[in-house]
Amino acid sequence: MPAPLYTPEFWTAYRAAMSTDEPTPELRRVRAGSIAAAVHGYYGSTEFKVLAETTKATYSGVPDRFVDKHGEGPIAGLLPKHINKLIDEMADTPSAASNFRKRLKGLMDYAVSAGMHADNPVPVGRSKSPGYGHLKLPT
């Protein structure tokens, strides 16, 4: 059990231990202001809690992988250039890059609303077309 006794971490571990016979994963401490803290807060937010369970499972993949790679970093330090670099690294898988952008935008919207970041650094999606929309060009 995490110490000290009677802290929120203690009770979380205690309830998990009492609710199942299966071993529980080791609880990690989350540093305030970190990317991991933002993801943890996002998962506890109303915006995330109202989603269907299947949607939660789908949407949590990107933040979970982001935490695995960059979770200890400060959320306030994320800049558009960092996000663009991560998205550009996914150039071979455009749908994964698009999904990453969408999920990260939702996470950063939460971080802004929680006062963890001044603004949302996720850049607006890049256009797939030259910008003509449904306009028919003369032939």
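A nonpolar core is a set of buried Ala, Val, Leu, Ile, Met, Phe, Trp, Tyr and Cys residues joined through side-chain atoms within 4.5 Å; buried means under 20% relative accessible area, exposed over 50% (1.4 Å probe, protein chains only). The model is predicted: local features need pLDDT of at least 70, side-chain atom pairs count only at pLDDT 80 or more, and totals for chains, interfaces and linings use all residues. Numbering runs from 1 along each chain, and side-chain values use heavy atoms, without hydrogens or water.

**Exercise 1.** Find the residues of the largest nonpolar core that touch the most other members, and trace its elements.

*Solution.*
- The core has 24 residues; F66, I75 and L104 touch the most other members.
- Two or more residues come from each of helix 2 (35–43), helix 4, helix 5 and helix 6. Helices are DSSP runs (H or I, at least four residues), numbered from the N terminus.
- Helix 6 gives the largest share, 7 residues.

**Exercise 2.** Determine how the buried residues of helix 5 are arranged.

*Solution.*
- Helix 5 (residues 80–88) buries I83, L86 and I87.
- Down the axis, these fall within an arc of 100°, so they line one face. The arc is taken from the directions from the helix axis to the C-beta atoms.
- The face turned away carries exposed K81 and K85.
- The cover over the buried residues includes helix 4 (53–70) and helix 6.

**Exercise 3.** Describe the surroundings of R103.

*Solution.*
- R103 sits in helix 6 (residues 94–113).
- Beyond four places in sequence, R103 contacts (heavy atoms within 4.5 Å) Y59, V62 and P63.
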